[in-house]
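Student: Please put the structure up, and then take me through a few of its details.

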Amino acid sequence: MTRPQATAPVVIVGAGPVGLLLACELGSAEVPVVIVERLAEPMTESRASQLTTLTAELLHKRGFGELLDAAAHEPRAHFGGMGFDLSGLDSPFAGNWKVPQYKTEAVLAARAEQLGVILLRSHELTEIAEHDDYVVCGIRTPAGELRVQAQYVVGCDGANSTVRRLCRFPVSAKTATKELLRADVTGIQIRDRRFERLEAGFAVASTRDGVTRVMVHAAGQGVTERTGPPDFEEVVRLWRKVTGEDISGGTAIWLDAFDNALGQADSYRRGRVLLAGDAAHWHMPIGGQALNVGLHDAVNLGWKLAETVHGRAAPGLLDSYHGERHTVAKRVLDHVAAQELVLIGGPEFEPLRTVLGELTGLDQVRAHFAGVASNLNEQYGTADAPSPRFTRR
């Protein structure tokens with residue numbers, strides 16, 4: 001690499017919710033931050049729209065109450081499509097909070113700007129050179145190549161993380177075998193469907209403020225190689241095949257395809273490079289956990305990285321980020337994999353659904369699932385070998 005043209009204590013790659021919240025955490029701790037973002041403009045799609053109880057608590061504590069005030073409150077959650085109530089949780093924010101992702105990003109970005117965070121859009125990370133005392137990032141910009149030297153780099157750049165790839169983080173992963181399509185559609189009137197298993201596949205539909213989100217999987221259908229989102233015609237065709245309903249008269253304002261690929265980085269830290277959010281762990285968006293676990297990564301990492309940059313960290317503090325958050329995400333991956341089987345698995349899983357239905361009728365089981373869905377029972381270590389901070393709360 002050529003000589004660096006700029007320096008920053010921390011470079012964050014990715015200006016999604018996880019990267020922005022991490023930037024806010026660091027900025028609040030007076031750590032200068034540069035965010036490198038490939039996209040030229042903020043995204044305008046609803047995407048991940050569910051904030052859990054713990055996330056709501058954390059955001060409120062950080063002064064993001066206006067985001068929660070504008071959210072739609074949902075007092076229920078589910079495990080594999082089997083619903084249960086969240087209203088009895090020990091929290092003033094019991095339940096799930098529905099906020100389009102673009103709104104969450106906008107609020108976080110505004111705070112980051114107030115804190116002096118530098119956000120470089122249309123900038124794409126292309127190279128990382130790791131040294132004992134610093135990291136140099138090679139970045140492609142509209143004006144040419146840029147070299148930025150940082151004390152630490154954090155990849156918050158999604159499941160297909162460039163940071164993870166360039167730094168060759170080992171991963172444990174399962175390749176995709178099934179695909180689901182989803183779309184936000186205006187101009188249609190269809191009944192709500194809550195995790196319906198049908199003979200031809202699986203379907204979900206929910207309407208809020210004139211926008212209907214549909215999600216569909218056709219039984220026996222594999223994964224399609226894609227370079228972009230599906231066409232609305234494909235969603236229409238699959239929806240008709242599975243449900244018998246015609247949504248062709250609507251207008252799609254967002255289209256997406258996702259699969260059941262699942263994985264986790266074996267370590268969240270490699271020297272001066274770290275991973276957070278979907279860059280560290282990725283799975284099907286069942287139960288809205290991906291966004292929330294990523295935001296919790298940012299909260300856990302933020303103060304530890306700030307203390308390290310300021311030279312005040314106790315030995316091993318930064319390494320505890322992996323030790324604590326890897327365990328939490330592994331548990332989420334197990335729950336998501338189990339829910340995938342009962343949601344879109346074949347008829348051989350019907351006995352399992354029956355047994356789970358019986359179990360969720362028990363108060364103790366419902367309370368356990370409510371703690372998992374809300375993230376309130378996140379714990380570090382185990383009951384036999386707890387970490388110094390056994391539970392977040």
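Tutor: Start with Thr 141, which is buried at a relative accessible area of 14%; buried means under 20% and exposed over 50%, with partly exposed in between (1.4 Å probe, protein chains only). This is a predicted model, where local features need pLDDT of at least 70, side-chain atom pairs count only at pLDDT 80 or more, and totals for chains, interfaces and linings use all residues. Residues are numbered from 1 along each chain as its sequence is written, and side-chain values use heavy atoms, with hydrogens and water left out.

Student: In which strand is Thr 141 found?

Tutor: Strands (E, at least two residues) and helices (H or I, at least four) are DSSP runs, numbered from the N terminus. The run that holds Thr 141 covers residues 135-141. That strand is β10.

Student: Leaving aside neighbours within four places in sequence, which residues is Thr 141 in contact with?

Tutor: Contact means heavy atoms within 4.5 Å. With those sequence neighbours set aside, the residues in contact with Thr 141 are Ser 122, His 123 and Leu 146.

Student: Which residues of α4 are exposed on the side away from the buried ones?

Tutor: The buried residues of α4 are Gln 101, Thr 104, Glu 105, Val 107, Leu 108 and Ala 112. Seen down the axis of α4, they fall within an arc of 165°, so they line one face of the helix; the arc is that of the directions from the helix axis to the C-beta atoms. On the other side, the exposed residues are Glu 113 and Gln 114.
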